[in-house]
Amino acid sequence: MTVHLVKSRYAKSFAAVVEESGSSVTYALDTVSLDKRVLEQPESLIAADQLWRFAESAARQSGRLDIGWDAGSAVALENYGDFGSSILARKTLYQRMQAFCDLAKAEYTEADFFVTATGDALVFGRGRIVGTPLQVRQVELYVLAMMIGLVRTSLGPNWQPRLLRLQSFSGTDIENHFP
């Protein structure tokens with residue numbers, strides 16, 4: 001069986017939102033057998049399955065079914081170590097998007113991102129996420145917040161996507177996250 005790995009920095013983002021909600025981070029970590037020390041080592045690797053289960057546990061424990069969005073939105077791209085710095089060093093939006101796709105495998109071993117031109121637009125997308133419906137939702141929301149944050153580094157903080165194609169749910173319940 002192949003174990004896919006992800007940087008522990010993402011667990012730290014979920015933990016921060018759990019803590020803000022007044023819930024126990026320790027309990028959420030214990031439910032998925034994650035040691036609290038991983039939160040202090042953002043560049044270390046953990047099993048992706050553990051992160052997905054932690055995200056699910058965090059959502060259930062906090063009662064926030066969109067905790068993935070909150071966790072992903074809370075961290076600016078420049079705070080993602082070499083990954084963020086390398087992306088932001090690119091001059092154009094297209095170069096940043098392409099760098100995100102190329103460098104993502106160092107963040108998550110199964111990362112599958114792409115940029116495709118269609119007519120007068122670019123599609124910035126990702127492959128399928130595997131997990132329970134609640135795990136998929138949290139991971140998808142986190143990644144979506146990261147991707148939108150990346151585009152906003154070039155197009156400004158008010159930019160909004162024209163179209164979202166989501167795996168985990170209809171787009172109607174994401175409208176709360178856009179002004």
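**Figure 1. Glu 107, a buried residue in a loop.** In this predicted model, Glu 107 has a relative accessibility of 5%, so this residue counts as buried, the cut-off being under 20%. Look for Glu 107 in the loop between H6 and E3. Which residues does Glu 107 touch, not counting residues up to four places away in sequence? They are Leu 5, Val 6, Lys 7, Arg 9, Tyr 10 and Phe 83.

**Figure 2. Trp 52 and Tyr 108, a tilted pair of rings.** Let us move on to the aromatic rings. The count of aromatic pairs comes to eight. In one of them, the ring centres of Trp 52 and Tyr 108 are 5.3 Å apart and the ring planes stand at 55°, so the pair is tilted. Trp 52 belongs to helix H3, while Tyr 108 sits in the loop between H6 and E3, so the pair ties together parts that are 56 residues apart in sequence. Are these two residues buried or exposed, or something in between? Trp 52 counts as buried, at 8% relative accessibility. Tyr 108 has a relative accessible area of 21%, which makes this residue partly exposed.

**Figure 3. Phe 100 and Phe 113, an edge-to-face pair.** Here the planes of the two rings are at 85° and their centres 4.9 Å apart, so the pair of Phe 100 and Phe 113 is edge-to-face. This pair links distant parts of the chain, with Phe 100 in helix H6 and Phe 113 in strand E3, 13 residues apart. Phe 100 is buried, with a relative accessible area of 2%. Phe 113 is buried too, and its relative accessible area is 17%. Both residues also belong to one aromatic cluster, formed by Tyr 10, Phe 14, Tyr 80, Phe 83, Phe 100, Phe 113, Phe 124 and Tyr 142.

**Figure 4. The largest nonpolar core.** In soluble globular proteins, nonpolar side chains tend to be buried together. The largest nonpolar core of this model has 48 residues, and those that touch the most other members are Leu 51, Phe 54, Phe 100, Phe 124 and Leu 150. Which elements each supply at least two residues of this core? They are helix H1 (9–20), helix H2 (25–30), helix H3 (48–62), helix H4 (67–73), helix H5 (81–88), helix H6 (93–103), strand E3 (113–118) and helix H7 (133–155). H7 provides the largest share of this core, nine residues. For a closer look, pick Leu 51: leaving out residues up to four places away in sequence, Leu 51 touches Val 6, Tyr 10, Ala 11, Phe 14 and Ile 46. There is also a second, separate core of five residues, including Trp 69, Leu 141, Leu 144 and Ala 145.

**Figure 5. Ala 71, a buried residue of helix H4.** Ala 71 is found in helix H4. With 0% relative accessibility, Ala 71 counts as buried. Apart from its neighbours within four places in sequence, Ala 71 is in contact with Ser 13, Phe 14, Val 17 and Tyr 142. How far apart are the C-alpha atoms of Ala 71 and Ile 46, which are 25 residues apart along the chain? They are separated by 18 Å.

**Figure 6. The hairpin of E3 and E4.** Strands E3 and E4 (residues 121–126) run antiparallel and are joined by six bridges. If you start from Thr 118, you will find its bridge partner in E4 to be Ala 121. Two residues lie between the strands of this hairpin, and Gly 119 takes a positive phi near 60°.

**Figure 7. Ser 33, a positive phi outside glycine.** Ser 33 is a residue other than glycine, and its phi is a positive value near 60°. You can find Ser 33 in the loop between H2 and strand E2 (45–47). Is Ser 33 buried or exposed? Ser 33 is exposed, with a relative accessible area of 62%.

**Figure 8. The largest pocket and its lining.** The volume of the largest pocket is about 810 Å³. This pocket is lined by 28 residues, and those nearest its centre are Leu 122, Val 123, Phe 124, Leu 163 and Leu 164. H6, E3, E4 and H7 are the elements that give two or more residues to the lining. Which element gives the largest share of the lining? It is H7, with seven residues.

Technical notes. Residues numbered from 1 in each chain as written. Predicted model: local features only at pLDDT ≥ 70, side-chain atom pairs only at ≥ 80, totals over all residues. Heavy atoms only, no water. Core = buried A, V, L, I, M, F, W, Y, C linked by side-chain atoms within 4.5 Å. Buried < 20%, exposed > 50% of the residue type's maximum accessible area, 1.4 Å probe, protein only. Helix = DSSP H or I, 4+ residues; strand = E, 2+ residues; numbered from the N terminus. Contact = heavy atoms within 4.5 Å. Pairing = 2+ DSSP bridges. Phe/Tyr/Trp six-rings, centres within 6.5 Å; stacked < 30°, edge-to-face > 60°. 1 Å grid on protein atoms, 1.4 Å probe; cavity = no way out; pocket = protein on both sides within 12 Å on 5 of 7 lines; lining within 4 Å. Points joined across faces, edges and corners; volume = space filled by probe spheres on them.
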